Amino acid sequence: MAALAKAVQISKSVNNVTKLLTNLSLTPNVKSILSPIRKQWIPNSQYALIHTTLKQNDLMEFFDDKDNWGKSTVKVGRSWRKDELRLKSNEDLHKLWFVLLKEYNMLLTMEQAYKEKFEYFPNPERIDKILNSMSNLESVVRERNQAYYKLETGTTGERPAQLSYNALGLRYFYRMSQYSVPKYMNTRWHKRYMFGYGGFAVQKFLRLYREKLYNIKRRQRNRESNRVGVLMRMFPNLDIEAAKEQYPGADIEKLMKTRKVDGHFQRE
């Protein structure tokens, strides 16, 4: 009896679904249109519009134009400047970001393809120009966000941060976050972020680390001084201002008082 009752219930539900489909198909108020996707007639209230582009893009979008294949140089322009990006609207910046991202993916694909063929990738500076443009675009968007939040709330709206010390005594940029647990109760946070250092081992590490950084700077300064000395020996009419700009670590005034710059000529 239970099986019979269950079968009768299933047959009733099937009949209800059949009647519903019949009523939908025979309703005179429902307009039927031709679907652009499946090329069949379906009721207007039974589907959602699908937005698709008319252009059918294939995998060749990840590669450069075929006219540039095999060329040693490709004519390209410069990167976008901040002054130019500030004149554009938010919608244009949004579109330009995806254009730059697509170009960046294409250049990375072409660079890998040239590496696999052991050939020279033409104009590799194009990748640097794309990254520079994307960095400038992010800076402009951040400027607009800061201006908006300062106007509305009086703050920049960015995530607060501060310079802190880790367990080894090295400074780093710590970005603050919101936690559901209060600071004095969050033992996990205190274990992870130790804002303080001490002990003999840490002090010894900091002393050796600072000594290493000083030696790196000293070697760089000596290399620049020796380079300027060689140039002044070879070229008596060397532009001192240009040398200072190119080699800022070299003490040219002190160098001119030594015999390193003396050549087979008499300096005025």
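Guide: Let's settle on helix α4, which runs over residues 125-152 of this predicted model. The helix has 28 residues, and from its first C-alpha to its last it reaches 41 Å. That is close to the 40 Å expected at 1.5 Å a residue.

Now turn to the side of α4 that is hidden. Arg126, Ile127, Ile130, Ser133, Met134, Asn136, Leu137 and Val140 are buried in this helix. Those buried residues pack against α2 and against α3, which covers residues 90-116.

After α4 comes Gly154, with phi near 85°. After α3 comes Phe118, with phi near 55°.

Ser79 is placed in the loop between β2 (41-43) and α2 (82-85). Leaving aside neighbours within four places in sequence, Ser79 is in contact with Lys129, Asn132 and Ser133. One of these, Ser133, is among the buried residues of α4. The side chain of Asn132 makes a polar contact of 3.1 Å with the side chain of Ser79. Is Ser79 itself buried or exposed? Its relative accessibility is 14%, so Ser79 counts as buried, the cut-off being under 20%.

Side chains of opposite charge can pair when their charged atoms come close. Glu143 forms a salt bridge with Arg86, and the closest N and O atoms are 3.0 Å apart. Glu143 lies in α4 and Arg86 in the loop between α2 and α3, so this pair ties together parts that are 57 residues apart in sequence. Both partners are partly exposed: Glu143 has a relative accessible area of 33%, and Arg86 one of 37%.

Arg142 of the same helix has a partner as well. Arg142 forms a salt bridge with Glu158, with 3.4 Å between the closest N and O atoms. This pair links distant parts of the chain, 16 residues apart, since Glu158 sits in the loop between α4 and β3 (161-165). Glu158 is partly exposed, with a relative accessible area of 37%.

For a pair elsewhere in the chain, look at Lys244 and Glu253, whose side chains meet in a salt bridge of 2.5 Å, N to O. Lys244 counts as partly exposed at 29% relative accessibility, and Glu253 is partly exposed at 43%. Returning to Glu143, salt bridges that share partners join Asp83, Arg86 and Glu143 into one network. The count of salt bridges comes to six.

Finally, step back and place the helix in the whole chain. The secondary structure comes to eight helices and four strands. Read along the sequence, the pattern is α-β-β-α-α-α-β-β-α-α-α-α. Of the 268 residues, 17% count as buried. The accessible surface of the chain comes to about 22400 Å², and 55% of it belongs to carbon and sulfur atoms. Among contacts between residues at least 6 apart in sequence, 50% join residues at least 24 apart. The bridge between Glu143 and Arg86 gives you a pair to keep in view here, with its 57 residues of separation in sequence.

How values were computed:
Residues are numbered from 1 along each chain as its sequence is written. This is a predicted model: local features need pLDDT of at least 70, side-chain atom pairs count only at pLDDT 80 or more; totals for chains, interfaces and linings use all residues. Side-chain values use heavy atoms; hydrogens and water are left out. Helices (H or I, at least four residues) and strands (E, at least two) are DSSP runs, numbered from the N terminus. Buried means under 20% relative accessible area, exposed over 50%, partly exposed in between (1.4 Å probe, protein chains only). A polar contact is a pair of N or O atoms within 3.5 Å; within protein, one must be able to donate a hydrogen and the other to accept it, and residues adjacent in sequence count only if both atoms are side-chain atoms. Contact means heavy atoms within 4.5 Å. The expected span of a helix is 1.5 Å times one less than its number of residues. Accessible areas come from the Shrake-Rupley method with a 1.4 Å probe; for residues, only the protein chains shown count as cover. A salt bridge is a side-chain nitrogen of Lys or Arg within 4 Å of a carboxyl oxygen of Asp or Glu.
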